[in-house]
Amino acid sequence: MGCTKMVSQQFTGITRRADEALVHVGDAAWITRVARAESAQGKMSSPSRGPLQGLRFAVKDNIDVLGLTTTAACPTFAYIAPEDAQVVRRLLEAGAVLEGKANLDQFACGLNGTRSPYGAVPNAFNPAYVSGGSSSGSAYVVATGQVDFALGTDTAGSGRVPAGLNNIVGLKPSRGLMSARGVVPAAQNVDCVSILARTVSVAAHVLGACMGYDEADPFSQRVAMAFQPFPSAFRFGVPNALNFFGDALAEAAFAQAIQNLTRLGGQAVTIDYAPLSQAANMLYESALVSQRYAAIQTFFDAHEAEVVEPVRSIIAKGRQYSAADYIHAEIELKRLEKQAERMWQHMDVLLVPTAPTHYTIAQMQADPVVCNRNLGQYTNFVNLFDYAALSVPSQIRPDGLPFGITLIGRAGSDWQLADLGQRYHHATGLLQGATDVPLPEPRAMAELQTPATVRVAVVGAHLSGMPLNTQLTERGARLVGPAHTAPDYRFFALPNAHPPKPGLLRVQAGQGAPIALEIWEMPVAHYGSFVALIPAPLGIGTLQLADGTTVQGFLCEPQALIGATDITDFGGWRAYITSLTKTST
């Protein structure tokens with residue numbers, strides 16, 4: 001049965017096609033591309049300038065775009081959208097340009113990207129591996145630089161898992177913050193439209209342009225947003241029971257992530273993961289799965305054989321439960337939510353792996369239910385408990401595959417998560433997605449009310465993890481990220497310094513080298529007391545960075561370098577200290 005069939009009583013009267021406006025391509029990441037002529041005529045973009053002017057985007061193909069086919073990755077279900085989804089309309093009005101509609105796990109049921117008759121979407125770093133789903137195509141086209149951002153949906157992790165597996169950002173907003181009108185539901189009462197981008201700043205910018213209450217969406221909410229950043233000395237929860245399903249590289253990457261977040265001023269707090277894990281299991285192993293069946297009941301009852309496995313079996317399972325079963329499941333979910341509430345007394349944000357491991361496409365197809373369930377180990381509970389979440393890249397593993405972490409906060413913490421997530425992402429020094437483009441300068445979250453601050457560059461004992469770093473963190477300073485000086489500095493290990501310290505000296509152009517440093521942001525109110533701690537011959541001056549900007553930072557008086565060791569060739573203090581450790585062993 002083809003795309004021209006009327007799909008159900010829920011979507012009646014939508015039987016026409018508009019092939020003249022479309023270009024269909026073989027790339028499994030795309031289902032429909034907007035024809036260039038159509039885009040040039042402005043039908044898929046706004047003629048007026050807006051905050052997203054010029055940004056290119058894709059939408060997951062369970063989100064309506066006026067005149068384009070919505071398939072939900074099921075050709076028999078396909079229909080021509082009579083209007084734009086509310087979120088698409090807001091993006092177009094903000095000046096963004098639509099490039100097309102992306103592949104997905106059928107009916108947004110899956111976390112792996114292989115459950116589509118349009119083909120399995122590969123991982124952007126290694127095509128033998130899954131992309132993650134269900135927003136698989138959205139993640140791939142962002143990671144490979146084909147668009148600037150994409151819309152996905154997220155019910156059980158579909159906007160986060162593919163982000164983590166492809167080295168991009170996945171922003172899952174608080175429930176109801178973005179309208180879901182015009183989205184084919186997976187489980188309507190917990191669905192969220194999600195945003196995938198290569199940087200947090202772009203994702204946050206998009207959120208600001210398309211969020212807002214929609215009275216025509218029964219699940220839209222006026223979310224009470226937090227407008228203060230997390231404390232500079234924040235507490236982050238870490239599950240007491242972690243399972244990486246034998247993936248030692250993922251386990252090591254998460255251990256490193258805990259250290260990374262600690263360097264940003266965080267204190268790790270162990271939390272009881274049991275209520276979160278039990279809630280996660282309920283999504284598919286209780287009467288809650290009937291939400292999936294209810295979402296497409298009319299179509300499914302008429303065309304069950306047209307739905308791919310294992311999606312068909314998962315949705316069909318929803319038929320077996322009674323209304324009483326569903327009520328009992330909701331009561332149990334509320335009980336678990338009350339248990340989980342206790343953990344927020346001890347933490348500001350929860351840290352989890354975005355996905356506990358990577359699977360090849362062959363592994364996923366051989367055991368699709370178990371492997372998919374494993375990918376949702378740390379995602380399924382989030383919407384059930386009405387939390388906000390942000391997946392950000394953490395590292396590229398030794399095997400070349402990405403590893404991402406997810407920061408989870410209470411409803412309304414979206415801007416707080418974006419602020420912390422951006423700091424974390426930029427501190428990694430990773431490239432954007434699967435491209436060779438470095439991260440840009442971080443963008444201040446204008447939505448947050450922050451005190452006046454000053455940025456200061458540190459090059460030695462004040463670096464994160466070094467002996468004097470507490471002089472920064474005690475004053476509420478926050479790590480912005482790594483950087484390098486312009487190539488006009490020489491670097492020295494000062495004699496008789498306790499603890500060991502370096503000296504940075506500005507020299508004539510061409511006689512120096514770029515030196516690694518960290519930029520920290522400190523409340524102006526505490527800056528004076530920090531400067532007062534700096535002993536001669538060190539002092540604070542103006543440093544020129546590699547990108548041509550300037551920042552306050554440590555410099556050394558020239559006469560103090562008599563007898564000092566020139567360590568410029570090491571390129572930074574960490575490399576020099578590491579060399580000493582290797583020499584001593």
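Arginine 181 and aspartate 214 form a salt bridge in this predicted model, a salt bridge being a side-chain nitrogen of Lys or Arg within 4 Å of a carboxyl oxygen of Asp or Glu. The closest N and O atoms of the two residues are 2.8 Å apart. Because arginine 181 lies in the loop between strand 8 (169-172) and strand 9 (192-197), and aspartate 214 in the loop between helix 5 (200-210) and strand 10 (235-239), the pair ties together parts that are 33 residues apart in sequence. Helices (H or I, at least four residues) and strands (E, at least two) are DSSP runs, numbered from the N terminus. Arginine 181 counts as partly exposed, at 27% relative accessibility, whereas aspartate 214 counts as buried, at 5%. Buried means under 20% relative accessible area, exposed over 50%, and partly exposed in between (1.4 Å probe, protein chains only).

Residues are numbered from 1 along each chain as its sequence is written, and side-chain values use heavy atoms, with hydrogens and water left out. As the model is predicted, local features need pLDDT of at least 70 and side-chain atom pairs count only at pLDDT 80 or more, while totals for chains, interfaces and linings use all residues.

Strand 2 (residues 30-34) is mostly covered, with five of its five residues buried. Strand 2 pairs with strand 6 (residues 97-102) in the antiparallel sense over three bridges; two strands pair if DSSP finds at least two bridges between them. Within this pairing, threonine 32 stands opposite lysine 101 of strand 6.

A salt bridge also connects the side chains of arginine 33 and glutamate 99, at 3.4 Å from N to O. Arginine 33 belongs to strand 2 and glutamate 99 to strand 6, so this contact ties together parts that are 66 residues apart in sequence. Arginine 33 counts as buried at 17% relative accessibility, and glutamate 99 is buried with a relative accessible area of 5%.

Lysine 101, the residue opposite threonine 32, forms a salt bridge with aspartate 61, with 2.8 Å between the closest N and O atoms. This pair links distant parts of the chain, 40 residues apart: aspartate 61 is in the loop between strand 3 (56-60) and strand 4 (69-70), and lysine 101 is in strand 6. Both aspartate 61 and lysine 101 are buried. Over the whole structure, the search finds 25 salt bridges.
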